[in-house]
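Open the model in your viewer and follow the stops below. Each one says what to select and what is there.

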Amino acid sequence: MAQNDIMIVDDNPAYLRLLEDMLLRQGHEVRSFPLGRLALAAASNHPPDLILLDINMPEMNGYEVCERLKSTAGLSDIPVIFLSALNETQDKVKAFQSGAVDYISKPFQFEEIQARVEMHLKLYELQRGLKVQNERLEAAVAARTRELAAANESLTILDRSKNEFLRVISHEF
């Protein structure tokens, strides 16, 4: 299994330890933060592959953290999964509106977290691969377009030469 960098942001030390232990056992690299501002600073320095984020935290709630991530170049594509005890539909909708890819209610089951984390890591990996492939294709199209423009310019010059030659020949007859 490939080692992925997962960030956990939760002000509850018990949840941090529980999630950290579970994800470490699955072979992931894990970084834990009790505050959103600390997680944002760490993500800016070293972007993770996925973030597990609580909603109710001091200083800055999870919605604000997610919105800042999604509005920051280089961090906007990172999948964010909310983990929260808030179970109202409006809380879940707000989580998705702030940019989350998933929402898991507390208390959670290890198997559910594991399955969702693995699924979103795989999707993220596929999206990054697709982005790289698109960049390669765009570069190839740009190179081919330059080649075609150069060939067109050569043809235009040849066409002018041919027309000039025919004009001279016509004039001579």
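This is a predicted model: local features need pLDDT of at least 70, side-chain atom pairs count only at pLDDT 80 or more; totals for chains, interfaces and linings use all residues.

Take the contacts in the protein with a separation of 6 or more: 59% of them join residues 24 or more positions apart.

Next, colour by secondary structure. The protein has five helices and five strands. Walk the chain from the N terminus, and the elements read β-α-β-α-β-α-β-α-β-α. The radius of gyration is 27 Å, well over the 16 Å that the globule rule gives for 173 residues, so the protein is more spread out than a compact globule. Now orient the C-alpha trace on its principal axes. The spans are about 100 × 35 × 30 Å.

The accessible area of the protein is about 10600 Å², and carbon and sulfur atoms hold 55% of that. Of the 173 residues, 34% are buried.

Select the charged side chains. There are 19 positive and 26 negative ones in the protein. The centres of these two sets are 4 Å apart.

Now zoom in on one residue. Select helix α4, residues 89-97, and pick out D91 within that stretch. Is D91 buried or exposed? D91 is buried, yet it has no salt bridge. Which side chain of opposite charge is nearest to D91? That is K94, 7.1 Å away. The cut-off for a salt bridge is 4 Å.

Last stop: show the neighbours of D91. Leave out residues up to four places away in sequence, and D91 touches Y63, L86 and Y103.

Definitions and conventions: Residues are numbered from 1 along each chain as its sequence is written. Side-chain values use heavy atoms; hydrogens and water are left out. Helices (H or I, at least four residues) and strands (E, at least two) are DSSP runs, numbered from the N terminus. Buried means under 20% relative accessible area, exposed over 50%, partly exposed in between (1.4 Å probe, protein chains only). Lys and Arg count as positive and Asp and Glu as negative; His and the chain ends are not counted. Contact means heavy atoms within 4.5 Å. The radius of gyration is taken over C-alpha atoms; the globule rule is 2.2 Å times the number of residues to the power 0.38. Accessible areas come from the Shrake-Rupley method with a 1.4 Å probe; for residues, only the protein chains shown count as cover. The place of a charge is taken as NZ of Lys, CZ of Arg, CG of Asp or CD of Glu.
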